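Hi,

Here is the structure I promised to send over. Have a look at it first, and my notes follow below.

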Amino acid sequence: MKRIDVAACIAGLLPDHPSIMIPGLGGFTAAYAPAKVDQVLGHMQAPGLEVRFDENLAADDGLLSSCLVETYGIGYEEASAAIRE
């Protein structure tokens, strides 16, 4: 059986999708975080994505399964099994 990296698919999808749902577990949401400047310490933080986990997003929207199917050339059943693992 192929090594299926579910985490890599999640990371690859987050920049282009506001949420990635993991059936039965929850979902990750990503929102733009603007640059920040701490003038006291003289530090600057670049803009980026703020990622959060929400256990209430446990429905299956099919996005993660589709990514696995396309990336690894597997069927939906095998993709679903990899997500469950």
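Helices here are DSSP runs of H or I with at least four residues, strands are runs of E with at least two, and both are numbered from the N terminus. Please keep in mind that this is a predicted model, in which local features need pLDDT of at least 70 and side-chain atom pairs count only at pLDDT 80 or more, while totals for chains, interfaces and linings use all residues. Residues are numbered from 1 along each chain as its sequence is written, and side-chain values use heavy atoms, with hydrogens and water left out.

H2 itself kept my attention. Its buried residues are Leu 64, Ser 65, Cys 67, Leu 68, Val 69 and Tyr 72, where buried means under 20% relative accessible area with a 1.4 Å probe, protein chains only. Among the elements that cover these residues of H2 are H1, S1 and H3.

Take the H1 side to begin with. The axes of H1 and H2 come within 10 Å and cross at roughly 110° (axes are lines fitted to C-alpha atoms over the stretch in contact, with angles from 0 to 180 degrees between N-to-C directions). H1 is therefore roughly perpendicular to H2, a label for angles of 65 to 115 degrees. The crossing is right-handed, i.e. the near helix is turned clockwise from the far one by less than a right angle. H1 brings Val 6, Cys 9, Ile 10 and Leu 13 to the contact, and H2 brings Leu 63, Leu 64, Cys 67, Leu 68, Thr 71 and Tyr 72 (contact means heavy atoms within 4.5 Å).

On the H3 side, the axes of H2 and H3 come within 9 Å and cross at roughly 115°, and this crossing is right-handed. Leu 64, Ser 65, Ser 66, Leu 68 and Val 69 of H2 meet Tyr 76, Ala 79, Ser 80 and Ile 83 of H3.

Leaving aside residues up to four places away in sequence, Leu 64 touches Val 6, Cys 9, Ile 10, Leu 13, Ile 20, Met 21, Ile 22 and Ile 83.

Best wishes

Terms used: Angles under 35 degrees count as roughly parallel, over 145 as roughly antiparallel, 65 to 115 as roughly perpendicular and the rest as oblique. Buried means under 20% relative accessible area, exposed over 50%, partly exposed in between (1.4 Å probe, protein chains only).
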